[in-house]
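Hi,

Here is the structure I promised to pass on. Have a look at it first, and my notes follow below.

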Amino acid sequence: MIILCLLITHLSFFYPISEGSVIGLNYGLVADNLPSPSQVISLVKSRGVNRIRLFEPNHDVLGALQNSGIEVTIGTLNADIPNIANDINFAENWVQTNIVPYAPTVNIHCISIGNEVNPGDLGFMLSALKNLDAAVKSTGYIIPVTTTIGVYLLGSSFPPSNGEFTEAARSGMEQVAGFLGGNGYPIMVTAYPYFAYVSDPTNIQLSYALLNSSEVVVRDGELEYRNLFDAMVDGVYSALEKVGGGSVRIVVCESGWPSQGNGEFTSTTLAQTYNQNLVRHALNSGTPKKPGNNLDTYVFAIFNEDLKSPGIEQNFGLFYPDMTEVYHIDF
């Protein structure tokens, strides 16, 4: 009876196909000057955002999230991937420590194994997904388990229909896609037009990277692309199809633009333009390849984080640590 009640209570935590896309924020903690988690949760709520992503299960943040109504995606450390894959007891202890105490009062939307995994991590991923999923289900909670990849796992991405995983990643991604598709779970993807643009500003138009172009820049058969963000996402969709993952839904768990740290490529104006356009675009449309699909998207990040590497890595935040805006975004 207890298990049945838990299942009924938490059916809403199964990854839903919502009526519209959702915008979330990445809550990074690589800093020594951030406000308290309770202050941050109040700040997020005041801006009308109801979803955040944590890169690891920080218990202070999870405590502050209790009864807040904000949904959270929780990550595991990359270093934990082999342990989760090879030891079911480790997976069960992770769930008992980081999920069970908070699940009754925190809306845990999803668990992601690792952050931007590499091909070496993928060798462990199927076992890790199975073990953590089983550990979660054994508690009676229904919470999707997934992983996070970056577009760098694509060996080919232009045009988007040619999207294909690298040879090193292909086998692992086939296993991951099979598991996720079989369970109806999404895959988390990081997509940064900024990095593509700064690596080739001669051939990539700034307006195409900033989601500012009103003209078609890339034609791919019958599909037309006006921004690089859509092209990146559809490149991953194409790659997933090639490994049998055509039913797997993408969630863009990270995207953003730094406000300084790289000369003319970074400014508050550029960052504000990209992130505001990103929010509007994600809320109002799918991609050319998947026009009917919602595309939940998380902006990176809430704060500038002073313990990250100097330069752009410290300057992706929407807010300074004193909670004043670096620039304004309308959510």
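Predicted model: local features only at pLDDT ≥ 70, side-chain atom pairs only at ≥ 80, totals over all residues.

Residues are numbered from 1 along each chain as its sequence is written, and side-chain values use heavy atoms, with hydrogens and water left out.

Now the answer: leucine 211 counts as buried, at 13% relative accessibility. Here buried means under 20% relative accessible area, exposed means over 50%, and partly exposed is in between (1.4 Å probe, protein chains only). Leucine 211 is in the loop between α9 (206-209) and β9 (218-220). Helices (H or I, at least four residues) and strands (E, at least two) are DSSP runs, numbered from the N terminus. Leucine 211 also has a positive phi of about 60 degrees, although it is not a glycine.

Glutamate 116 is another non-glycine with a positive phi, of about 50 degrees. You'll find glutamate 116 in the loop between β4 (107-113) and α6 (119-137). Glutamate 116 is partly exposed, with a relative accessible area of 28%. As background, most residues other than glycine have a negative phi, and most peptide bonds are trans.

One joins phenylalanine 158 and proline 159, with omega at about -10 degrees; proline 159 lies in the loop between β6 (154-156) and β7 (164-165). Another cis peptide bond joins phenylalanine 300 and alanine 301, with omega at about 5 degrees, and alanine 301 sits in the segment after β12.

Next, the overall layout. A barrel is closed by 8 strands in the order β1-β2-β3-β4-β5-β8-β11-β12, with parallel pairing. Two strands pair if DSSP finds at least two bridges between them. From one strand to the next, the twist averages 30 degrees; axes are lines fitted to C-alpha atoms, for helices over the stretch in contact, and angles run from 0 to 180 degrees between N-to-C directions.

Glycine 150 of β5 has threonine 190 in β8 as its bridge partner. Glycine 150 counts as buried, at 1% relative accessibility. Glycine 150 and methionine 188 are 38 residues apart in sequence and 8.4 Å apart in space, C-alpha to C-alpha.

Moving along, strand β8 (residues 187-190) is joined to strand β11 (residues 250-255) by 4 bridges, and the two run parallel. Methionine 188 has valine 251 in β11 as its bridge partner. Helix α11 (residues 268-284) packs on the sheet and touches β1 (23-26), β11 and β12 (297-299), its direction making about 165 degrees with that of β12. Contact here means heavy atoms within 4.5 Å. Helix α7 (residues 167-183) lies across β5 (145-150) and β8, running at about 140 degrees to β5.

Phenylalanine 331 is in the segment after β12 and is partly exposed, with a relative accessible area of 22%. Leaving aside neighbours within four places in sequence, phenylalanine 331 is in contact with Ile23, Leu25, Arg47, Val49, Val279, Leu283 and Leu318. Phenylalanine 331 and valine 279 are 52 residues apart in sequence, yet 6.8 Å apart in space, C-alpha to C-alpha.

A search of the whole structure finds 1 cavity of 30 Å³ or more. On a 1 Å grid over the protein atoms alone, a cavity is a set of points where a 1.4 Å probe fits but cannot get out; lining residues have an atom within 4 Å of a point. The lining of the largest cavity is Arg53, Leu54, Phe55, Gly75, Ser112, Gly114, Asn115 and Thr148.

Cheers

Terms used: 1 Å grid on protein atoms, 1.4 Å probe; cavity = no way out; pocket = protein on both sides within 12 Å on 5 of 7 lines; lining within 4 Å. Points joined across faces, edges and corners; volume = space filled by probe spheres on them.
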